[in-house]
Amino acid sequence: MSHALFTSPPPTNTTTTTIPFTFSPSTRLRPSSLLPEQASLLLSQCTTARRLLEIHAAILRSEILHHTVVNFRLQKSYASLGYADKCQILFRRTPDPNVFFWTNAIHAHAIQGLCFIARLLFTEMLSSDATPNGYTLSAALKACRLSFGKVVHGYAIKQSLHTQPYVATALLDMYARGGDVEAARFLFDEMPEQPIVSTTAMITCYAKQGDLAQARQLFDEISQRDSVCWNAMMDGYAQYRKPNEAVNLFRQMLKSDSRPNEVTILAVLSAIAQIGCSSSGKWVHSFIKNKDNRIQLNTKVGNALIDMYYKCGNLEDACLVFDTMKEKDIVVWNTMIAGYAMHGQSQKALELFDMLRFRGLWPTDITFIGVLNACSHAGLVEQGYRFFRLMKVEYKIEPKVEHYGCMVDLLGRAGLVEEAYDLILGMNGIEPDAIMWGSLLASCRLYNKMSLAEKIANHVVSKGYANSGTYVLLSNIYAALGNWEKVTSVRQLMKESGVQKDPGCSAIELGNKVFEFVVGDRSHPKSRKIYAMLDELNAVIKAHGYVPDTDLVLHDLEEAEKEKALKVHSERLAVAFGLISTKPGTEIKIMKNLRVCVDCHNAFKLIAKVTRRKIVVRDRSRFHHFSEGLCSCGDYW
């Protein structure tokens, strides 16, 4: 029987001197020199694929593959190095595999995410002469969804294996992954002793259901926490948009006995990216660089750093991480393209796309979302159509709602509103979402396509797609027409629908602290100085040609009152606070949860000019770099 899949050319040895056999991992293996005990020991020490192939070749030449222990350890070694396919080929060639072989094969496929094969192997095992034990069930449950997991649970009860710690924990984890909180909690409460792995699984079950309070209560009850437990709670906070809690938990972890690992770093960088706190991000980067902390700058960590830096407004640092990474997968390239697009450097984003193709990387659907966003932010209509066709024709990627959304945004921003509307109507098998309709509504307002806007709004509301942004846009449209009766009507409809408008909030980082402001905010201790600075700025920029865009105020007020309402927008309060709190020439960075309004955008260009400051604002969709009376978006956003 051929073993070509597993053999490698024997090591070149031109000398005729006999080399004594030793057990050093670096030893080159001589033909016909291996005993079963020696092979088993070498396999237990093996940590690289190349070394494993050398040992496997020596095993074949020594004709000891039939030895049960050698065969098992060889399969286990392939599994541990991630070669589930090779493990399975060896397994299929094993006559009458016992429970250990079956369990290893099932586990190998489960941990590699090859769940269907793992479940298939478990089903086959039930028809074989081997009887599953607790470890087998634990391995199989890792690959189970809820429906199949319940079958395994029934089998475990029938065989009286469900009370074994490994099985009970695996069952709890299976129910937790499936979202069955009640079943998971029942199993958890039934455990005589609750090991930390079970508690962590229960915490994860609550992170997934959004019940962070219950998760934190369990977390706080654990006296000796391991890194997995810390990571589960931290990741839950990051996933459910509670980044400050995640960062605070990371600081607590550093004071504990647990050592942060790669998963910890990924969670905290995700949280920092949400906050936009660049100083915290730089500190974590320094933590990674410290070799004593044993965090490797691999593709996952590097990608998280790039994502964090560009979302914190530090595109230069993101580029530096990208350029210094030795290995970059397509995910890393995608993130860097998205970073360039978000910062208005569309041409660089497109150049990066050409570069990755030149290097032989295969673009994904995420790649094209980044590229189409870059086209949208720069009004590159022809290029956008070209990439849209390229995706379908050359790379056989079927457009998703996100790709169509990018195209609708691109066309709408460029004034091709009817063309964007036709594109939505022509989508095959894809339902337009609220974001897409909202983008088109914004374009209708920008280009005064009021009849189409009303038609779209009525459709969106009747279909139940409307969110707070939809209602606000519709109010904007009627307010611009001076139709205050319909503005009131839209507000009433919004109230009846139970939709709440997201309040505008702007944050600024100063001295390693993040300060938040809402419209008209007077809660800050320095409010008097902040408002004095606003008055001063307003007078100065008016002298430089600033005219308030009072059409944006959605109330039937006098012009003076409208102007006053514009002046206290959250982003202006944050900028004023930054100006009174930093030295002249210091860059000011603002993070806003909503799109920056046109009036504030116009004002910031002049504020940056008269104060000789660079002002960076991150809104819901992109970054704006204000300097010398200009914005990086070219007033196209």
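Reader: How many helices and strands does the protein have?
Author: It has 32 helices and six strands. Both are DSSP runs, numbered from the N terminus: helices are H or I with at least four residues, strands are E with at least two. The model is predicted, so local features need pLDDT of at least 70 and side-chain atom pairs count only at pLDDT 80 or more, while totals for chains, interfaces and linings use all residues. Residues are numbered from 1 along each chain as its sequence is written, and side-chain values use heavy atoms, with hydrogens and water left out.

Reader: Okay. What does the C-alpha trace span?
Author: About 95 × 60 × 55 Å along its principal axes.

Reader: And how much of the protein is buried?
Author: Buried residues make up 50% of the 637 residues. Buried means under 20% relative accessible area, exposed is over 50%, and partly exposed is in between (1.4 Å probe, protein chains only).

Reader: Which residues are buried in H1?
Author: In H1, residues 36–45, they are Pro36, Gln38, Ala39, Ser40, Leu42 and Leu43. They pack against helix H2 (49–62) and helix H3 (68–80).

Reader: What is the chain like over residues 164–198?
Author: That stretch is 77% helix and 0% strand, with its end C-alpha atoms 13 Å apart. Over residues 298–328 the chain is 74% helix and 0% strand, and the end C-alpha atoms are 9 Å apart.

Reader: Now helix pairs. How do the axes of H19 and H20 cross?
Author: At roughly 160 degrees, coming within 7 Å; H19 is residues 330–342 and H20 is residues 346–358. Axes are lines fitted to C-alpha atoms, for helices over the stretch in contact, and angles run from 0 to 180 degrees between N-to-C directions. H19 and H20 are therefore roughly antiparallel; the cut-offs are under 35 degrees for roughly parallel, over 145 for roughly antiparallel, 65 to 115 for roughly perpendicular, and oblique for the rest.

Reader: Which residues of H19 and H20 meet?
Author: From H19, Ile330, Trp333, Met336, Ile337, Tyr340 and Ala341 meet Ser346, Lys348, Ala349, Leu352, Phe353, Met355 and Leu356 of H20. Contact means heavy atoms within 4.5 Å. The residues of this contact divide into eleven nonpolar, one polar and one charged. Ala, Val, Leu, Ile, Met, Phe, Trp, Tyr, Cys and Pro count as nonpolar, Asp, Glu, Lys and Arg as charged, and the others, Gly among them, as polar.

Reader: Is Thr367 buried or exposed?
Author: Thr367 counts as buried because its relative accessibility is 1%. Thr367 sits in helix H21, residues 365–378. Leaving aside neighbours within four places in sequence, Thr367 is in contact with Ile330, Asn334, Ile337, Phe353 and Leu356.

Reader: What about Ser227, where is that found?
Author: In helix H13, residues 227–239. Ser227 is buried, with a relative accessible area of 18%. Beyond neighbours within four places in sequence, Ser227 is in contact with Met253, Ser258, Arg259 and Asn261.

Reader: Last one: how do the axes of H26 and H27 cross?
Author: H26 (residues 450–463) and H27 (residues 468–480) have axes that come within 11 Å and cross at roughly 150 degrees. That makes H26 roughly antiparallel to H27.
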